Amino acid sequence: MAFVANNTQQLSLTDSTLNLTEREKRFLEKSWARTFAEKVFPAIDETIFSPLYSDKASRPNTPVNVIVGALILKEALGDTDDELVEVLMFDIRYQYALHTTSFEEQPLSDRTLSRFRARVLAYETEHEVDLIHECVVNLAKIMKQRDVSIPDEQHHYIEKDDYNRCIYHKRELDAAERTVVVMNDAEKLIEICDKTGKLDDTSEYQLLIRLLKERTILDDDGSRRLRQKEEVENPSEVLLNPSDPEAAFRYKTGGKHLGYVGNLVESVGENGSLITEYAYEKNTYADNQFMKDYLNEQERFDDGSFLVADGAFHSETNSQIAASHNLKLITTNFTGRKPDEIYADFKFTEDGCFLIECINGCAPTECVYDSGNERSVAYFKTEQCNSCPYKERRNPQFLKNRVRKEVSWKAVGRAKQLQYMKTEGI
């Protein structure tokens with residue numbers, strides 16, 4: 001998702017304020033929405049948040065100043081995330097305050113705010129910069145310059161040493177020490193909750209317990225400390241954002257990914273194409289499992305149908321399921337080492353465990369299955385392999401009295417894919 005600044009808010013012919021009566025307009029102009037729209041919203045600096053988005057050409061982001069402005073209104077007016085999304089759709093004061101009266105569709109959804117918080121959290125974790133705090137400080141300074149009243153509770157943001165005094169940003173403490181302060185506070189809160197028993201059914205209490213379990217450990221002396229990196233259990237499943245507890249972490253294609261992953265299926269025919277299926281899971285969900293889920297839900301396809309997907313969606317099991325639905329599965333951009341295409345003509349038993357014939361038509365004298373490596377270990381007669389025209393490409397291991405060759409069913413399947421992709425029709 002690319003960063004695009006929302007620095008122009010052009011009035012459209014369908015702007016919702018144009019449908020108001022003169023009386024309604026007067027009330028709107030006298031409300032808090034006008035002050036917010038004219039003095040607060042223009043002071044939000046979107047560029048602070050540009051590092052959260054990709055610098056590559058891609059789908060533009062939801063306007064950052066709308067998100068940050070909505071979060072300010074949420075705190076000021078006591079809304080929940082769901083209430084904020086709903087009220088923005090129907091309350092013209094919110095739309096007027098956030099300059100979205102001309103939007104055909106209001107830009108916030110139930111996931112917009114949680115995903116934005118996750119981006120901020122990921123950036124802060126990696127760079128130790130709290131973008132939200134920086135934005136509030138800058139906004140408070142602008143509000144003071146423009147003589148906008150700042151509540152006493154938020155007045156500290158314009159004080160010189162606020163950044164250092166904030167517990168999460170004390171320069172004399174490193175990141176681990178700052179976390180220890182929070183960890184100790186969390187433990188005290190849990191002790192209070194345990195004694196009362198009145199918060200057992202709340203998500204806040206449960207998430208705090210989960211956080212301590214995942215991020216800390218009790219030593220033999222009963223003291224609690226932060227887990228070392230190697231002590232963290234299931235690091236991809238640990239809590240990343242209390243507002244979105246199901247979000248997961250994953251390394252993929254050299255990058256760090258937080259949140260969720262989606263899978264789309266596009267059906268293509270003579271008259272065009274259309275997105276016909278979608279799936280949405282934690283981003284630790286395997287690509288080939290998406291494929292398996294999709295195939296298991298399908299009926300039989302028409303003759304000549306085929307499905308093209310990235311190499312990560314391939315597995316021999318998926319190819320078999322596709323074939324059972326009269327569908328040819330074609331996967332491209334194979335990851336890892338590509339097998340020699342001669343292996344496409346090796347024959348295996350139906351369960352994929354035992355090699356029964358090589359490309360030269362020779363059957364092994366003995367064959368065992370190595371379940372640890374998912375490979376078939378076959379033994380051939382020496383004279384057969386010595387005269388084989390594919391000897392150099394097969395690269396077998398010549399032993400004293402026989403020849404040993406390891407082949408996996410997966411390699412045979414990948415070789416068949418490569419061979420099929422070179423046919424004239426494809």
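Asp82, Glu83, Glu86 and Asp110 gather on the surface in a patch of negative charge. Patches are made of residues with over 30% relative accessible area and no salt bridge, like charges being joined within 9 Å and nonpolar side chains (Val, Leu, Ile, Met, Phe, Trp, Tyr) within 5 Å. Lys and Arg count as positive and Asp and Glu as negative, while His and the chain ends are not counted; the place of a charge is taken as NZ of Lys, CZ of Arg, CG of Asp or CD of Glu. The model is predicted, so that local features need pLDDT of at least 70 and side-chain atom pairs count only at pLDDT 80 or more, whereas totals for chains, interfaces and linings use all residues. Residues are numbered from 1 along each chain as its sequence is written, and side-chain values use heavy atoms, with hydrogens and water left out.

One member of the negative patch, glutamate 86, lies in helix H4 (residues 81-90). Helices (H or I, at least four residues) and strands (E, at least two) are DSSP runs, numbered from the N terminus. A nonpolar patch is also present on the surface, formed by Leu264, Ile275, Tyr278 and Tyr280, which together have about 480 Å² of accessible area. Accessible areas come from the Shrake-Rupley method with a 1.4 Å probe, and for residues only the protein chains shown count as cover. Strand S5 (residues 272-282) gives the largest share of this nonpolar patch, three residues. Tyrosine 280 has its place in S5 and is partly exposed, with a relative accessible area of 35%. Here buried means under 20% relative accessible area, exposed over 50%, and partly exposed in between (1.4 Å probe, protein chains only).

Two strands pair if DSSP finds at least two bridges between them. Strand S11 (residues 375-380) is mostly covered, five of its six residues being buried. With strand S10 (residues 366-370), S11 pairs in the antiparallel sense over five bridges. In this pairing, glutamate 366 stands opposite tyrosine 379 of S11, and tyrosine 369 has serine 376 as its bridge partner in S11. S11 also pairs with strand S13 (residues 403-407), again in the antiparallel sense and over five bridges; here alanine 378 stands opposite lysine 405 of S13.

Most residues other than glycine have a negative phi, and most peptide bonds are trans. Glutamate 374, although not a glycine, has a positive phi of about 55°. This residue belongs to the hairpin of S10 and S11, which has four residues between the strands. At 40% relative accessibility, glutamate 374 counts as partly exposed. Asparagine 395 likewise has a positive phi, near 50°, in a residue other than glycine. The loop that holds asparagine 395 lies between helix H14 (391-394) and S12, and the residue is exposed, with a relative accessible area of 61%.

Side chains of opposite charge can pair when their charged atoms come close. The structure holds 12 salt bridges, a salt bridge being a side-chain nitrogen of Lys or Arg within 4 Å of a carboxyl oxygen of Asp or Glu. Arginine 34 forms one with glutamate 38, the closest N and O atoms being 3.0 Å apart. Both residues lie in helix H2 (residues 32-40), four residues apart, about one turn of the helix. Both partners are partly exposed, arginine 34 at 35% relative accessibility and glutamate 38 with a relative accessible area of 43%.

In another salt bridge, arginine 93 is joined to aspartate 91, with the closest N and O atoms 2.9 Å apart. Arginine 93 counts as partly exposed at 35% relative accessibility, whereas aspartate 91 counts as buried at 14%. Lysine 74 forms a salt bridge with aspartate 81, the closest N and O atoms being 3.8 Å apart. Lysine 74 is buried, with a relative accessible area of 13%. Salt bridges also link Lys74, Glu75, Asp81 and Arg117 in a network.
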